[in-house]
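Thanks for coming. I will go through one model, moving from its definitions to its strands, helices and domains.

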Amino acid sequence: MKWIKRISLSVLALLLIATLIFFYSINKHVDIGRFQEWYEIPVTDPPPATALTVQFVGVSTMVFSDGETTLMTDGFFTRPSAMQLIAGKIEPNTEDVKWGIKRLGITALDAIFVVHSHFDHAMDAPLVAQLTGAPMYGSTSTANIGRGLNLQEQQIKLFEDKKPIQIGAFKVTPILSKHYEFPNSRVKEQALGGNQEIETPLVPPVDAMDYKMGGAYTLLFEHPYGNFVLQSSAAWKENSLDNIKADIVIMGIGGLGAQTAEYQGTYFEQIVDKLAPQKVYLVHWDALVGSIREPMQAEILLLDKLMGKTMAGFEAVEREMKLRPNIPFYLLPQWEKRVLFRGPRSVLGQK
Ligand SMILES: [Zn+2]
């Protein structure tokens, strides 16, 4: 009977090690090391009252304001736990959303624009709309996320491909693009397979994968001070950005590290080279789990291994940056108000 005891002990030991590794991988975040130097140099002076500013929250949630009009993209504040994301159900956390809006110092919001309907973009947008009274713009899938949370119909606005939306001095044009292609076939099937539309009101708590993609949009912001583009998903649609130029590009690099060098290179050609910006900000590199009340960190090791490959993504960006020495690339510090344009047609941070 000795061998039975020995085998049982070995199995137990293996289980214990596996459990420890699992908990380590959902609690430990990737350290981005030298890439922290990419944070744009802190500005000590408060931004001039006349400036067009950006505040970065994480993923592709940002607030843009020219002092008169304030716009938000996505409005994602609820970070689910790793366990909820992997094996459980997720739902918006009203207190976290309220906390985030307060942390941003928002007193009035004029509109919310949701880039696509995955949870890390669209999940909280209806709550932001309810709490601020702002209309929520997005796809029909995003509209159904709104309906699932009882957002009033008059606050639900639909994107029409390439149809500009004028709000104050901002002209915002949603341009139908493509979503990042997950290289992992199982994740790809779950996130992008089959019907990608949310066709009925989505009432949380639900599986993270129930937040179907619903169409991914590039957002072009035109303003008398300057133009900028938000490309949240690390993908492109051939010719969709032809004849568009942007002073500043804000681009997502989520998952870029898991792609081939060819994909990475084409992404930069299709976004950066086409839009020919004077400056690029990198977003969507941070963790989708954790708490919004904690400082921003890169992805947890488990998700990074499964799909993120954060460091390989930064290395790809570094390689592409070297091919474009005249364009400065930066990371945006979380919450801080940064100046995109000081006034009419001037870009700060030019090198
Ligand atoms: Zn997505």
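A residue counts as buried if 20 or more other C-beta atoms lie within 10 Å of its own, as exposed if 12 or fewer do, and as partly exposed in between, with C-beta atoms placed from the backbone. Helices (H or I, at least four residues) and strands (E, at least two) are DSSP runs, numbered from the N terminus.

This is a predicted model, where local features need pLDDT of at least 70 and side-chain atom pairs count only at pLDDT 80 or more, while totals for chains, interfaces and linings use all residues. Residues are numbered from 1 along each chain as its sequence is written.

I start with β2. How many of the residues of β2 are buried? Five of its five.

Now the partners of β2. Two strands are said to pair if DSSP finds at least two bridges between them. β1 and β2 are antiparallel, with five bridges, and Gly 58 stands opposite Thr 61. Two residues separate these strands in their hairpin, where Val 59 has a positive phi near 50°. β2 is also joined to β3 (residues 70-73), again antiparallel, by four bridges. Here Phe 64 has Leu 71 as its bridge partner. The hairpin of β2 and β3 has four residues between the strands, and Gly 67 in that turn has a positive phi of about 95°.

Next is α3, residues 94-104, where Val 97, Gly 100, Ile 101 and Leu 104 are buried. Because they cover an arc of only 95° around the axis, they sit on the same side of α3; the arc is that of the directions from the helix axis to the C-beta atoms. Glu 95 and Lys 102, on the other side of α3, are exposed. What do the buried residues of α3 pack against? They pack against β1 (52-58), β2 (61-65) and α5 (125-132), contact being C-beta atoms, placed from the backbone, within 7 Å. After α3 comes Gly 105, with a positive phi near 75°.

On to the open sheet of seven strands. Its order is β7-β8-β9-β10-β11-β12-β13, and the pairing is mixed. β7 (165-167) and β13 are the edge strands, each pairing on one side only. β8 (170-176) and β9 (217-223) run antiparallel and are joined by six bridges, with Pro 174 opposite Leu 219. Helix α8 lies across β10 (226-231), β11 (248-252) and β12, at about 170° to β11. Axes here are lines fitted to C-alpha atoms, for helices over the stretch in contact, and angles run from 0 to 180 degrees between N-to-C directions.

Helix α10 covers residues 310-322. Its buried residues are Thr 310, Gly 313, Phe 314, Ala 316, Val 317 and Glu 320. They lie on the same side of α10, because their arc around the axis is only 155°. Their cover includes α8 (261-275), β12 (279-283), α9 (301-308) and β13 (329-331).

Last, the domains. Domain 1 is 1-30 and domain 2 is 32-341, with bounds from an automatic or database domain assignment. Their C-alpha centres lie 39 Å apart. Six residues from domain 1 and twelve residues from domain 2 take part in the contact.

Definitions and conventions: Expected span 1.5 Å × (residues − 1). Contact = placed C-beta atoms within 7 Å.
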